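Reader: I am new to this structure. Please take me through a single part of it, slowly enough to follow.

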4 protein chains.
Amino acid sequence: MYARPVEARHRGNRHGRSEAARLAVLEAADDLLVELGFASLTIEGIAARAGVAKQTIYRWWSSKTDILLESLAVDAVEHFDTAAHEDLGADLRAHLRRLAVFLTETDAGAVWLALAGQAQHDTAVAARFEAEVVLPQRERDRAPLLRAIESGALPGNEDVELAIDQLVGPIYYRALVTRQPVPARFTDALVSHYLGART
Amino acid sequence: MYARPVEARHRGNRHGRSEAARLAVLEAADDLLVELGFASLTIEGIAARAGVAKQTIYRWWSSKTDILLESLAVDAVEHFDTAAHEDLGADLRAHLRRLAVFLTETDAGAVWLALAGQAQHDTAVAARFEAEVVLPQRERDRAPLLRAIESGALPGNEDVELAIDQLVGPIYYRALVTRQPVPARFTDALVSHYLGART
Amino acid sequence: MYARPVEARHRGNRHGRSEAARLAVLEAADDLLVELGFASLTIEGIAARAGVAKQTIYRWWSSKTDILLESLAVDAVEHFDTAAHEDLGADLRAHLRRLAVFLTETDAGAVWLALAGQAQHDTAVAARFEAEVVLPQRERDRAPLLRAIESGALPGNEDVELAIDQLVGPIYYRALVTRQPVPARFTDALVSHYLGART
Amino acid sequence: MYARPVEARHRGNRHGRSEAARLAVLEAADDLLVELGFASLTIEGIAARAGVAKQTIYRWWSSKTDILLESLAVDAVEHFDTAAHEDLGADLRAHLRRLAVFLTETDAGAVWLALAGQAQHDTAVAARFEAEVVLPQRERDRAPLLRAIESGALPGNEDVELAIDQLVGPIYYRALVTRQPVPARFTDALVSHYLGART
DNA sequence: TTTTAAACGAGACGGTACGTCCTGTCTTGCT
DNA sequence: AGCAAGACAGGACGTACCGTCTCGTTTAAAA
């Protein structure tokens, strides 16, 4: 029913869980989210699409958001895994651009938005979302600024947290609230304003 | 949204719906949202709390989000219905503070967040939310800047849309994503940065 | 919306009910019973078909069976309103034949069967059905035998009630239970057996 | 109707339905029919009384009449499962008495009457009622007469169907239509008349 | 001729039960 | 031991009618 990867040849029975089932569930959840939207995503539907029993899902995940969180954790790290630029401006422009693309143009971004939405409805989801998604992302957002402080391009007393809010806030606002596109022109302008106000 | 003629308080028959039932439903929905959260909000629960038949709800609203949209439309207008200040800085500080309070401290703000969340799950909700909530709010956000242009405090070629994104984006980001508080110090800093970068 | 019979020109207002509405309801109920069956017969459906408000029905009738009882009372009398024969055998054969045709081939018979069915479900209907339909019919069934006793064709001590049960019982049994047709051959055989056993 | 293997008492999973749930539903339906009457018998009520989910009922039965038909099939067979007498008269008297008691004095008879009533309202019920209840019962009614023909007590050309109609018809007529009691005196008289007319 | 009150059409109301869908738990037999 | 399968109790969904109610119109008897 689903592909059984070579490196998982001993799974699904006496010793350990089935990696094949795990991957089939993650992929089915991602696919169905994009196809149907979060509201129409059901455990039963994921099980049917993955060719997996409901019980197998409940054995390893607690809810549909739990599945999405797992799939997101992997994808987000991959997306932002990149080398730094030497110049602070270039560094920030690349990072914000990458963030904008992630949120508005990738399947993982769709998962991100869905989870952010569900976090508004369910405090348990909100807590996990903050711990597992928002804070790690915040860490990644902070990196360019910390690098600049270390290199002396920014003073040591720079208010980094406020800077992050000002740099990424408008991007999330567009993606989540106004649903406008977030072109490079827009993210570049945010960087220009930030650097300009500092001189 | 609905005319409420004084002489028509006691309807529910041939010529019009029951205003009492309408208000009971809106209030019950608001209350239950705050008490239980959006995920546990059900039409049956609203009907029971409001002392109303389910059919009466379905006669006038298509879903629980439809009810919340109606209640929000009224409350949002009321919250931001305020006089302007003479000074652009004071005007902006007051407006952003009001926005922050609305989103993080009022029941209507909880409704706003829940709807923003649901908009991530359902494109129909997203469309109505944009048209009936986001755009009118955007209009209100634009007002202080337009007043400043008219009075000459800002140049005519100021990029108003970008300014709004920079001013309110971080506030929505905190309310929706990081769920940090949004103190006056934070909104004031946003205004300072905006005005400072302009000099 | 409905025909207004000439003899009802003064109704529907200050003093007295609308004969037009009454007839429209009775006819709609009969029609819909035959079209849809008793189970799908609803007060709302009757009101819509008759072009009458629900309230008008509830003003004058207590239920759909109440409507059918009224319509049946008229039709049954009409159907059996007939002259007697001189000979007991011919009298009985004509009467049983008439009963069989009524139950199995007329619209009023369909109403009769529906009410008999509902009488199994609702003791209030059963009581009215017995008083207003079964007993009057029993009276009509008795008439040929009483005439025969009076004319001397039957002895005065004849067990009339048992005779009726034996004569009409098999006809109702076929109409209600086995749903077989009830041809003249069958009713004639019942009469032959009854008269034959008496010799 | 359903096999009940001894070794499968505890099902409700992959390989079969829950026998416990099935019996609970049948018993609840019977009880509630007698307590409340057919009109007030609801699927929700049966589910609640049986401690069963509505879905479990809908999984195995299509309607409340479907449940009653299943329960009746068992009970009717049990009630008439009896040894034959040697004498035709005694055989018939015993059988008619048994039929009268069934219809007028047993819970299963109440179910029988309710289904006969519903058969007047719904042709699908009528079809199943005839096939699963009336025809099997007719078979049982026929047995005494066939035994008599075989033993030579009745001639080979006896009109058995007509005889059945005349023997049982009046009993059903009393039970369904006039709702009079059906004492042994009455059923014995039917037998006497039948045998007497044959001499 | 005007007033006026009963019956009317329309249809919104609080309810009940419907039949469907999905939840999360469970039991079974296979691998 | 993990799995696919699927029956289970539970509960919300959105729909259809129930019987009640209030509205504004119609109409003929009373004033």
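How much area do chain D and chain C bury between them, and what share of it is on carbon and sulfur atoms?

Author: This is a predicted model, in which local features need pLDDT of at least 70, side-chain atom pairs count only at pLDDT 80 or more, and totals for chains, interfaces and linings use all residues. Residues are numbered from 1 along each chain as its sequence is written, chains are lettered from A in the order in which they are written, and side-chain values use heavy atoms, with hydrogens and water left out.

Chain D and chain C bury about 3,100 Å² between them. Carbon and sulfur atoms carry 64% of that area. Buried area is the accessible area (1.4 Å probe) that two parts lose on being put together, summed over both. Three residues, Gln120(D), His121(D) and Tyr173(D), supply 24% of what chain D buries against chain C, more than any other three.

The contact (heavy atoms within 4.5 Å) takes 33 residues from chain D and 34 residues from chain C.

Now the pairings. The interface of chain D and chain C holds 2 salt bridges, each a side-chain nitrogen of Lys or Arg within 4 Å of a carboxyl oxygen of Asp or Glu. Arg174(C) and Asp165(D) meet in a salt bridge, 2.9 Å from N to O.

Helices come next; they are DSSP runs (H or I, at least four residues), numbered from the N terminus. Helices H6 (107–119), H7 (123–151), H8 (160–178) and H9 (184–198) of chain D each give two or more residues to the side that touches chain C. H8(D) gives the largest share, 12 residues.
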